[in-house]
Structures are given as structure tokens and as C-alpha cells.
Amino acid sequence: MRILVMFLVWLAFTAVTFYTCVQPQCCGDADVITNTDETTPAEVTNNYAVVSSLGSADVLTGTEWPALRQRLLDQYNANPNQLLEIYGHYYPSEAVPDGYENMGFLRADRIKDLLVPDIPADKIVTLARRMDGATPAAEDKWQAGTFNMSEPQREDEPDKAEIVELDQNEIIVRFPFGSATNSLDQEVEDYLEKLADRLKATEENVTIIGHTDSRSSAEFNMRLGQRRADFLKDVLVRNGAPADRITTESEGETNPVATNDTDSGRQLNRRAVVKLIP
């Protein structure tokens, strides 16, 4: 009898424990506690510096912008005589905004506003960079600008050739006034020699596009631009780059990156653009 009573007590205790403690924790019809706090941070999706979208003059900044901005300020403060060049990106299909030659110049001005007054306005040059790849969809966001620090040329010194790396696959070679085939500065020659070494080691193709300022006739400038592009190809081939993977063309005065109304603007337009294509 004693054993039977103990068994019944144990059975009752087990039932109470199951329905009051165990079942709410593991059974399907138990209440589920969820986090309904609406202040939980959303996933960060703006991991970029400056971006824009097709047809929009807005330049958006993301989480990478503060670091880039500080780097530009540090570079400028290390040598306040430098000029900061801002290339605003644009696509040929975009409408030309009022007061600008293309959307790139407007975007460059928008980026400039993000840096002034920490970098004085007169130390910033706004330029345009045409993007020649596939046109993005309207909702896509893409990099709105490229930056370059350059030493201003003194008025008492002659024009000199200069290299500007917009990125690892697009390089600008700036030419002195009126020049197309004369020898370049040794620094530029050395750079082109290293570029030829790169082309010997890869399967990349190269397109070189010659450009001019707006002085002289359009026909003359088209020929001058072609001579500039051909000259750079000759330098690369002379240093061992494969000639059959290098094509040249000219756009003459038709694609300025700066105004042709000033000496400094015309100097920036006298250039050849070297594009490396994987």
C-alpha cells in the first residue's frame, strides 16, 4: 500500500511539472518571445564614399566618405600649395544641366561643396570625366568622382608633361602646349616604360585617345590629338609593349575636361587618355 501511495504522489508531481514548466518552453502552442525593439540598427548598406545615379545631380555620401575626406585634407595640409582636382563622373546619355557643359562638372561642384572651406575653394579644380562603359540602370548607384593632387605650374616655367592615374586602368598623360611628338619628361618616360612592362606580362588591350584644347581649327585639333595618341603608342612599343594590342584614336577638342576659357583649363585639356582593358 505504501508503495502504491508513493507511486501516485510521484505521478501527480510529474504531471504538474510538465504542464507548468516544461510544455511552455518546448511545445508548439507556447507563446514565442520576440525582439520588437524598433530602434535596433538596420543593416548598413551605404558603404561607399560618394555616389550618384543616372540623370541625378545629387551626390550622396556614405560610410567611407569621412575617411576619404580626411585623407584629402591630410594631403592638402601636408602641402597647401597643391591643387585638388575633382573629376565628376558622367555618362554621355545624361542631359546637359543648365549652366554646365555636362553633368560631370555639376557633380564635381557638388563634391567640392563637401570639402570647402576646409580646403579653400581656390585650391580646388573641378573637372569632368566621361564614363564610356555600359550605361547603368536608373536605380543603380555608382562612384561620382575621382580625386588627384597636383602641383600648380608657375607662370614663369614652361609647360611640362604630366602623368595622372585616375585609377589602375585609366591614365592621363598631359602634354605641353602644341606638342605631340617631342620627347617627354624623364619621369613620364619612366612611367611609360613600366606600363610597357605591365603590358608584356598581361593580356590587356590598350586604347589611347588623344585630346586637345580648342585653339586652332577643329580639323587641325583632330589631327593633333591623333598624333598625341600615336606618339604614346610608339613609346610603349619601343619599350616592348605588343603593338597589335594597342589602338589609337582622336577626339580633338570635342571632349574637354576643363574650360577652354583659361590657360590652366586649356592645359588640362591637352592630353591623351590611356585605357587598359582586361
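**Confidence first**

Me: Over which residues does pLDDT stay under 50?
Reply: pLDDT, the predictor's confidence in each residue on a scale from 0 to 100, stays under 50 over residues 13-43. For that stretch the model has seven contacts beyond four places in sequence, where contact means heavy atoms within 4.5 Å.

Me: And what is the mean pLDDT of the protein?
Reply: The mean is 85, and 79% of the residues reach 70 or more. This is a predicted model, in which local features need pLDDT of at least 70 and side-chain atom pairs count only at pLDDT 80 or more, while totals for chains, interfaces and linings use all residues. Residues are numbered from 1 along each chain as its sequence is written, and side-chain values use heavy atoms, with hydrogens and water left out.

Me: OK, helices now. Where does Arg107 lie?
Reply: Arg107 lies in helix α3, residues 103-113; helices (H or I, at least four residues) and strands (E, at least two) are DSSP runs, numbered from the N terminus.

Me: Is Arg107 buried or exposed?
Reply: Arg107 counts as buried because its relative accessibility is 0%. Buried means under 20% relative accessible area, exposed means over 50%, and partly exposed is in between, using a 1.4 Å probe and protein chains only.

Me: What does Arg107 touch?
Reply: Leaving out residues up to four places away in sequence, Arg107 touches several residues, including Ser52, His89, Tyr90, Glu94 and Trp142.

Me: How many residues of α3 are buried?
Reply: Eight of the 11 residues in α3 are buried, so the helix is mostly covered. Among them are Phe105, Leu106, Ile111 and Lys112, and what covers the buried residues includes β1, α2 (65-78), β3 (83-90) and β4.

Me: Which strands form the open sheet, and in what order?
Reply: Three strands form it in the order β2-β1-β5, with antiparallel pairing; two strands pair if DSSP finds at least two bridges between them. The edge strands, each pairing on one side only, are β2 (60-61) and β5 (142-143).

Me: How many bridges join β1 to β5?
Reply: Two bridges join β5 to strand β1, which covers residues 50-52. Ser52 stands opposite Trp142 in β5, and Arg107 touches both Ser52 and Trp142.

Me: Switching topic, at what angle do α4 and α5 cross?
Reply: The axes of helix α4 (residues 186-201) and helix α5 (residues 218-238) cross at roughly 65° and come within 8 Å. Here the axes are lines fitted to C-alpha atoms, for helices over the stretch in contact, and angles run from 0 to 180 degrees between N-to-C directions.

Me: Which residues make that contact?
Reply: On α4 they include Leu192, Leu195 and Leu199, while on α5 they include Leu232, Val235 and Leu236.

Me: Last topic, the loops. Where is Ser216 found?
Reply: Ser216 is found in the loop between β9 (205-211) and α5. Although Ser216 is not a glycine, it has a positive phi of about 70°, and it counts as exposed because its relative accessibility is 52%.

Me: Which peptide bond is cis?
Reply: The bond from Val116 to Pro117 is cis, with omega near 10°. Pro117 has its place in the loop between α3 and β4 (124-130).
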